[in-house]
Amino acid sequence: MEHAQGQQHPISLYLKIWGLLFVLSTLSYLVDYFHFVGYLRWSLILLFMILKAGLIVAIFMHMAWERLAMVYAILVPPLCLLVLIGLMAAEADYIFLSRLVFFGQG
Amino acid sequence: MAAHPEAPEGSSSTYPTNPANPSEPPTAGWPGIARDWSSDKDAFKQVPWGKAMMWIFLLSDTFVFTCFLTGYMSVRMTTTAAWPNSSEVFALTIAGQEIPLILIAIMTFVLISSSGTMAMAVNFAYRRDRRKTAVLMLATAAFGLAFVGMQAFEWSKLIAEGVRPWGNPMGAAQFGASFFMITGFHGLHVSIGVLYLSIVALKVLRGDYERSGNYQNVEIAGLYWHFVDLVWVFIFAFFYLW
């Protein structure tokens, strides 16, 4: 268990996370299988997605045990992407309406 | 007003100290981050440079994939034609029954399993169990190959059904462009990962890391592989399930 040698965690932890990821994947598949629609569908999909992503990053990629200086250097910059997503979503209405006008549909 | 006696020199620290070595600067919380970043040299202390660089590469890859997914979101929100129902497009008929998204679900489980074997390979690498490490890494690569194989099957099925980057019989023309772009780029990552893992596994078997006793490279390869799995989590949610 020397620190310089790197990350050392019990195998059972990985097996538990593995099982949990299987359960979460099954749940998100069942969301589609049972034809949930609307906000229920989207919130469930997002919930399972965030849980899976969090488990992979925190446990499998060992982020939970890394030094904070590096954790923030890696995990904070992607927040900029939320701005991009927000901008594109905000523009969507306008583009959609322009397309309706140009393609004469609707 | 002598309510505050001067603290004696040297014991002024209100920050948590490093339990491993009390004379070291603190490592926890914001004071630790500020100290690490303001030290004029390596900010990522005790993080091997290879690992830090892999993380920075993965950060850049995060931006690439998010740009693709954001592009997909944009076209999906703005097309005037209806978006194809992915649940039906990716359904497979098994034993006379149409099961929605089944191939994608299997691909998801295969990739998660490969992440599990990879995590264990890293563990055995640090215990210097070379044979188990290499076997688990090659198993991971085999799962990756299976994944790419299923993806190739899925692509040929869709191409046979007439899906092209510029149009398809099911609905909005941008469906094909988004699909081939996003899954293609992800599949390329998986394929490169298979090569990368196989090379590192062979190096482990050959004993290349024995002299230094440093098996960091296995963990770094593992980071790449887990990232590929991570991206799939988002593709699965946004492209296939949404």
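Two residues are in contact if their C-beta atoms, placed from the backbone, lie within 7 Å. Keep that rule in mind for what follows. The structure is a predicted model.

Start where the two chains meet. By that rule, the contact draws 46 residues from chain A and 46 residues from chain B. On the chain A side, four helices each give at least two residues: α1 (11-33), α2 (38-60), α3 and α4 (79-103). Sort the residues of that side by class. There are 32 nonpolar, 9 polar and 5 charged residues on the side of chain A that touches chain B.

Now look at chain A itself. Its domain assignment gives domain 1 as residues 1-66 and domain 2 as residues 76-106. Taken over C-alpha atoms, the centres of domain 1 and domain 2 of chain A are 30 Å apart.

Helix α3 of chain A covers residues 68-75. Ala69(A), Met70(A) and Ala73(A) are buried in this helix. These three sit on the same side of α3(A), because they cover an arc of only 90° around the axis. What lies over them?

Along the sequence, the pattern of chain B reads α-α-α-β-β-α-α-α-α. Chain B has 242 residues, and buried residues make up 33% of them. Next, take the contacts in chain B between residues at least 6 apart in sequence. Of these, 66% join residues at least 24 apart.

How far apart are its end C-alpha atoms? Is α4(B) enclosed or open? Of its 25 residues, 19 are buried, so α4(B) is largely enclosed by the rest of the structure. Here a residue counts as buried if 20 or more other C-beta atoms lie within 10 Å of its own. After α4(B) comes Arg128(B), with a positive phi near 60°.

Last, turn to the record. An unreviewed UniProt entry lists residues 54-242 of chain B as "domain: Heme-copper oxidase subunit III family profile". In the model, this span of chain B is 76% helix and 3% strand. The end C-alpha atoms of residues 54-242 lie 31 Å apart.

Key:
Residues numbered from 1 in each chain as written. Chains lettered and ligands numbered in written order. Predicted model: local features only at pLDDT ≥ 70, side-chain atom pairs only at ≥ 80, totals over all residues. UniProt positions renumbered as here; feature names shortened; annotations may be inferred. Domains from an automatic or database assignment. Buried ≥ 20, exposed ≤ 12 C-beta atoms within 10 Å, placed from the backbone. Arc of directions from axis to C-beta. Nonpolar A, V, L, I, M, F, W, Y, C, P; charged D, E, K, R; others polar.
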